Amino acid sequence: MDNIQTSIVSKRIYVAIPYTRVEELSFKLANRAAYEIIKMGHIPMSPISMSHPIVQASKSDGKYIDELLGTWEVWSKIDYSFIDWCEEIWIVEMTNKLVTESVGVQAEIAYGKDNNKIIRYIKVNKDDNDYEFIWPSDD
C-alpha cells in the first residue's frame with residue numbers, strides 16, 4: 001500500500017482507448033492505465049477492461065452476434081452512463097491516428113465536452129516490447 005497515493009482528492013476517471021483492430025493491445029494498455037490510476041489514488045472506470053472479456057465470452061459460446069456486440073451503438077449507452085459518473089476522461093493515445101479514427105473515442109470526447117468533463121491525454125511510448133505512459137498534468 002506504500003505506493004498508493006492517499007493524500008490527494010480522488011477523481012473518478014473514465015479511461016478511453018481505441019479498440020477496433022487493436023483489441024488485445026487495447027485491453028492490455030487499458031488495464032495497465034487503470035492500475036496506474038489506482039496507484040495515483042484515483043478511481044478509474046475502464047470500459048475496455050469490462051467489455052473485452054464480455055465480447056470474448058460471447059464468442060466462446062458459439063452465439064456471438066457481431067452486429068450486437070461489435071457496434072458502437074450497443075456500447076455507447078453503457079459508456080455514456082460511465083462518463084456521466086466520472087469527472088474526467090483520460091484518453092490513452094496509443095497513436096494519434098488510432099484516436100482520430102476511433103468512432104468510439106471521438107464520440108466519447110464529444111460527449112464529454114458536451115457534458116463539461118475535463119479531457120486529458122495519456123501519451124504512450126513503445127520501448128522495445130513494453131509501453132510507457134506519459135501522464136497528463138493537473139493544470
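At roughly what angle do the axes of helix 1 (residues 23-39) and helix 2 (residues 47-60) cross?

Reply: Happy to. Please keep in mind that this is a predicted model. The axes of helix 1 and helix 2 cross at roughly 145° and come within 9 Å. The crossing is left-handed. Helix 1 brings Glu23, Glu24, Ser26, Phe27, Ala30 and Asn31 to the contact, and helix 2 answers with Ile48, Ser49, His52, Pro53 and Gln56. Sorted by class, the residues of this contact are four nonpolar, five polar and two charged.

Arg21 lies in the loop between strand 1 (12-16) and helix 1. Its phi is near 80°, a positive value in a residue other than glycine. For background, most residues other than glycine have a negative phi. Arg21 is also exposed, because its relative accessibility is 58% and the cut-off is over 50%. Another positive phi belongs to Asn116, near 55°. Asn116 sits in the loop between helix 6 and strand 4 (118-127), and with a relative accessible area of 72% it is exposed.

Helix 4 (residues 72-85) and helix 6 (residues 103-114) pack at an angle of about 35°, their axes 11 Å apart. Here the crossing is right-handed. On the helix 4 side the contact uses Trp72, Asp79, Tyr80, Ile83 and Asp84; on the helix 6 side it uses Val103, Gly104, Ala107, Glu108, Tyr111 and Gly112. By class, that makes six nonpolar, two polar and three charged residues.

Some of these names return when we turn to the aromatic rings. The structure holds four aromatic pairs. In one of them, the rings of Trp72 and Tyr80 have centres 5.8 Å apart and planes at 80°, so the pair is edge-to-face. Tyr80 is partly exposed, at a relative accessible area of 22%. Ring pairs also draw in Tyr111, linking Trp72, Tyr80 and Tyr111 into a cluster. Trp72 and Tyr80 belong to the helix 4 side of the contact with helix 6, and Tyr111 to the helix 6 side.

Another of the pairs joins Trp90 and Trp135. Their ring centres are 6.1 Å apart and their planes stand at 50°, so this pair is tilted. Trp90 lies in strand 3 (residues 88-93) and Trp135 in the segment after strand 5 (130-134), so the pair ties together parts that are 45 residues apart in sequence. Trp90 is buried, at 2% relative accessibility, whereas Trp135 is partly exposed at 27%.

Finally, the wider setting. The protein chain has six helices and five strands, and from the N terminus on they run β-α-β-α-α-α-β-α-α-β-β. Of the 139 residues in the chain, 41% are buried.

How values were computed:
Residues numbered from 1 in each chain as written. Predicted model: local features only at pLDDT ≥ 70, side-chain atom pairs only at ≥ 80, totals over all residues. Heavy atoms only, no water. Axes fitted to C-alpha atoms, helices over the stretch in contact; angles between N-to-C directions. Helix = DSSP H or I, 4+ residues; strand = E, 2+ residues; numbered from the N terminus. Left-handed = near helix turned anticlockwise from the far one by under 90°. Contact = heavy atoms within 4.5 Å. Nonpolar A, V, L, I, M, F, W, Y, C, P; charged D, E, K, R; others polar. Phe/Tyr/Trp six-rings, centres within 6.5 Å; stacked < 30°, edge-to-face > 60°. Buried < 20%, exposed > 50% of the residue type's maximum accessible area, 1.4 Å probe, protein only.
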